[in-house]
Amino acid sequence: MKRGNLQVGISAIKGFNDLLPFESGLWQFIEQTARKVFSRYGFQEIRVPVVEKTELFCRSIGDTTDIVEKEMYTFADKGGNSLTLRPEGTAGVVRAFIEHKLYALDSLTKLCYMGPMFRHERPQKGRYRQFHQIGVEAIGSTDPMVDAQVLHLVSRLFQELGLTEPSLQINSLGCPVCRPTYRRALVNFLSGCQDALCADCRRRQATNPLRVLDCKVPGCILATQGAPTISDYLCPDCDTHFSGVQGYLNAADVPYSLNSRMVRGLDYYTRTTFELVTGLLGAQSAVAAGGRYDGLVEQLGGPSVPGIGFALGVERVALLLGDRSFEQVPDLFVAVMGDSARKTGFRIMSGLQDAGLRVEADAEAKSLKSQLRRADKLKARYSIVIGETEIETNKVTLKRMADGEQELVSLEAVELAAKITGGSML
RNA sequence: GUGGCCAUGGUGAAGCGGUUAACACUUACGACUGUGACUCGUACAUACGAGGGUUCGAUCCCCUCUGGCCACCCCA
């Protein structure tokens, strides 16, 4: 089947990928590690729809963000409602939190989720139109300890994934009280050095001035060297909160660095924001990111409840983890010769599978050689050959594939299982 | 949405305006008719992304389209 030739076959759409058998083990490792770590912190899984009313995302993410303006998969359903494929996870989780009044159950709700997100962007390394996020949301408290707990969790999760390279960077974006002041100061500063800025940044100056601090153009980095820093403009509450977070991080030896130029793309972020950044993924440096969203729940029609969360990009983590192999090899391969042996072999195989062993056989009646060749290819730990002799004597040779050592054992599932799992062979 | 690079079999890849599209791997079968790995043999692209053009002739030249990769914007 050739791609791009509709007459020959249909291919997946741009930016939508298949996860093939030889890579799914890696994803399962990521997901299992996340579940394991999350449960230690008391986060429970929530599963929300992949499609929501468009309005939910407009109101949460922000009408003027790139995500809402040009990246959403939006369509009308048959009833004329405007729906969209979720571009991120927090909005839907918060919607469910409000809709089911989870705030009435506990003062702090800790949720986690994993699943596909959709953004109509041009695909590139580490960026796809359907991508997957694993995230958590802790809703109900402004206490800096909650921030620190989420950050500790993130840091721990990456450790357990075996990734030490991505480094944790944190910042505080302030709140609706102090951010406007800072923004004004920044705009003021930028208008003084307009000529030194790139075209994009001159545009950003009006649309999203904080973004200028994040520009990669050397001229802009130089020009904004003396720009006002958000930390100098935090109101007393935000300042106390941010130093509180750092105090907890220090107390628990969570490694991090301050990045006062870090900006987040979604409108709902307040105060603590953070990213796990890496230099190994080309332009996609953020492997995980998140922050506090103290006004979001109320903004979406819920009670005035603060929250904080983060999400990691599964594809990006998978890229960092690389070619690590997670293949599952069979414990035993059953080769057979002759029709009656096929039945016996099937009986043995089934019995061992019932006992919890991974057992393979060749589905087709092939030569013994090709059956064993398959055993080798599958990297089976042991193999047996069942023929007339074995059936007559009720004994079979159990062969350890790694070194060819053999032992005669009785042709019964229980005995074979004991030999294989016990590892007591020879 | 914008830009750069690219497009040969299941995979990695050579190749030249003109009838064998190299090599390697993978896969299948066999040499070993009751024992895998090593070795050896055989088989596997009417076909070089699609469409059009130039030419006596194009996989190799030109155009369009489609697709891929990477980057910008933005983001996990």
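In the predicted model, an N or O atom in the side chain of K369 lies 2.8 Å from a base oxygen of RNA strand B, a polar contact being a pair of N or O atoms within 3.5 Å; within protein, one atom must be able to donate a hydrogen and the other to accept it, and residues adjacent in sequence count only if both atoms are side-chain atoms. For E121, a polar side-chain atom is found 3.1 Å from a base oxygen of RNA strand B. The side chain of K14 places an N or O atom 3.1 Å from a phosphate oxygen of RNA strand B. The model is a prediction in which local features need pLDDT of at least 70 and side-chain atom pairs count only at pLDDT 80 or more, whereas totals for chains, interfaces and linings use all residues. Residues are numbered from 1 along each chain as its sequence is written, chains are lettered from A and ligands numbered from 1 in the order in which they are written, and side-chain values use heavy atoms, with hydrogens and water left out.

Around RNA strand B there are 52 residues, of which R119, R127, R204, R211 and G265 come nearest; a residue is near a strand if one of its heavy atoms lies within 4 Å of it. Sugar or phosphate accounts for 53% of the atoms of RNA strand B within 4 Å of the protein, and bases account for the rest. The surface near RNA strand B comprises 25 charged, 15 nonpolar and 12 polar residues, where Ala, Val, Leu, Ile, Met, Phe, Trp, Tyr, Cys and Pro count as nonpolar, Asp, Glu, Lys and Arg as charged, and the others, Gly among them, as polar. Elements that each supply at least two residues of this surface include β6 (130-139), α7 (199-207) and α14 (368-377); helices (H or I, at least four residues) and strands (E, at least two) are DSSP runs, numbered from the N terminus. The largest share, 7 residues, comes from α14.

Chain A is divided into domain 1 (21-178 + 234-321) and domain 2 (332-421), with bounds from an automatic or database domain assignment. A distance of 49 Å separates the C-alpha centres of domain 1 and domain 2.

Strand β7 (residues 167-172) runs parallel to β8 and is joined to β8 by 2 bridges. Q169 stands opposite S257 in β8.

Grid points are joined across faces, edges and corners, and a volume is the space filled by probe spheres set on the points. The whole structure contains 1 cavity of 30 Å³ or more. The largest cavity holds about 40 Å³, and its lining includes N171, Y182 and R261. The second largest pocket has a volume of about 450 Å³.

Conventions. 1 Å grid on protein atoms, 1.4 Å probe; cavity = no way out; pocket = protein on both sides within 12 Å on 5 of 7 lines; lining within 4 Å. Pairing = 2+ DSSP bridges.
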